[in-house]
Amino acid sequence: MFYVIISDLDGTLLDQETYDYSPACPALAELKERNIPLVLCSSKTAAEMIPFRLEIQNRDPFIIENGGGIYIPKNYFSTIPLEAKNKNDFLLISLGRAYPDLQQALEEITEKYSLEVESFHSMSREQLADVSGLSLDQAQDALRREFDLPFRLLSSNCSATQIEKEAQRRGLRLSRGGRFFHLSGDNDKGRAVHQLLELYQTNCGEAVQAIGFGDSHNDLSMLQEVQIPVIIPNPYSSAPLTHELPGARKAPAAGPTGWNDAVLSLLPKIDNGNLSGGS
Ligand SMILES: [Mg+2]
């Protein structure tokens, strides 16, 4: 059996407030020791995820912008799909709609309904830092988006539901984050995970079992795709996921502390090859 770990970042491997991951270091070291791949799967951009990957010395594929794209290190797999394109040190499989398409759709919708919006497309890093609390460098990386266009609605004569319908008419999706609306293609973490696990299966020649870690609703499709879903409790979340995933394991604590405990408690079962669903 070949095991793969799939993990969300914010509120899961990273502390929701401080972004600290140090409580997870013992488990990260154990995974490295066993050569168990750790696939990071986040709503963040590649520009935001690559420095963190380097920091934890992770060399596995990663999923960006809520499943908009899969980044695979070159030479990681011997067989890769034809649609994978060269992107610096990686091969990129694009699953989402390209950023220029999203910009154009938002412009059309804005014009049709005389909306006043402020989108990432038109914002400087200073403006984003100002409204988000990110540092200037973080804001710069957050603006380097490929498959998801966040925007704020400054004034409008129509409802979010009407905007959502316009997005759907164009084969797009409108979602609401903490501070921003997000316009994206019809992608999600689950579809990206499904495709990546097929690649592992094709390339490693043995049965693959994936263990997924997530804390919030945008992890649901990913947790439904893996064989062993693990919910990281999030005291800030209004949707605890336990209802949608009744068979999932639940980590004993929030953020990287819970992540560490859950991984360490699964490892003996992985070592013995007797990992199965349920808690
Ligand atoms: Mg999260």
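The centres of domain 1 and domain 2, taken over C-alpha atoms, are separated by 27 Å. This is a predicted model, in which local features need pLDDT of at least 70, side-chain atom pairs count only at pLDDT 80 or more, and totals for chains, interfaces and linings use all residues. Residues are numbered from 1 along each chain as its sequence is written.

Here is how the protein is divided, with bounds that come from an automatic or database domain assignment.

| Domain | Residues |
|---|---|
| domain 1 | 2-96 + 188-272 |
| domain 2 | 99-176 |

Where the two domains touch, nine residues from domain 1 and seven residues from domain 2 take part; a contact here requires C-beta atoms, placed from the backbone, within 7 Å. On the side of domain 1, helix 2 (residues 46-55) supplies the largest share, three residues. Helices (H or I, at least four residues) and strands (E, at least two) are DSSP runs, numbered from the N terminus. That side of domain 1 divides into two nonpolar, five polar and two charged residues. In this count, Ala, Val, Leu, Ile, Met, Phe, Trp, Tyr, Cys and Pro are nonpolar, Asp, Glu, Lys and Arg are charged, and the others, Gly among them, are polar.

Nine strands form an open sheet in the order 5-6-4-3-2-1-11-12-13, with mixed pairing; two strands pair if DSSP finds at least two bridges between them. Strand 5 (85-87) and strand 13 (249-250) are the edge strands, each pairing on one side only. Strand 1 and strand 2 (residues 38-41) run parallel and are joined by three bridges. Ser7 has Leu40 in strand 2 as its bridge partner.

Strand 1 (residues 2-7) also holds Tyr3. Is Tyr3 buried or exposed? Tyr3 is buried, because 22 other C-beta atoms lie within 10 Å; the cut-offs are 20 or more for buried, 12 or fewer for exposed, and partly exposed in between. Beyond its neighbours within four places in sequence, Tyr3 is in contact with Ile36, Gln209, Ile211 and Ile270.
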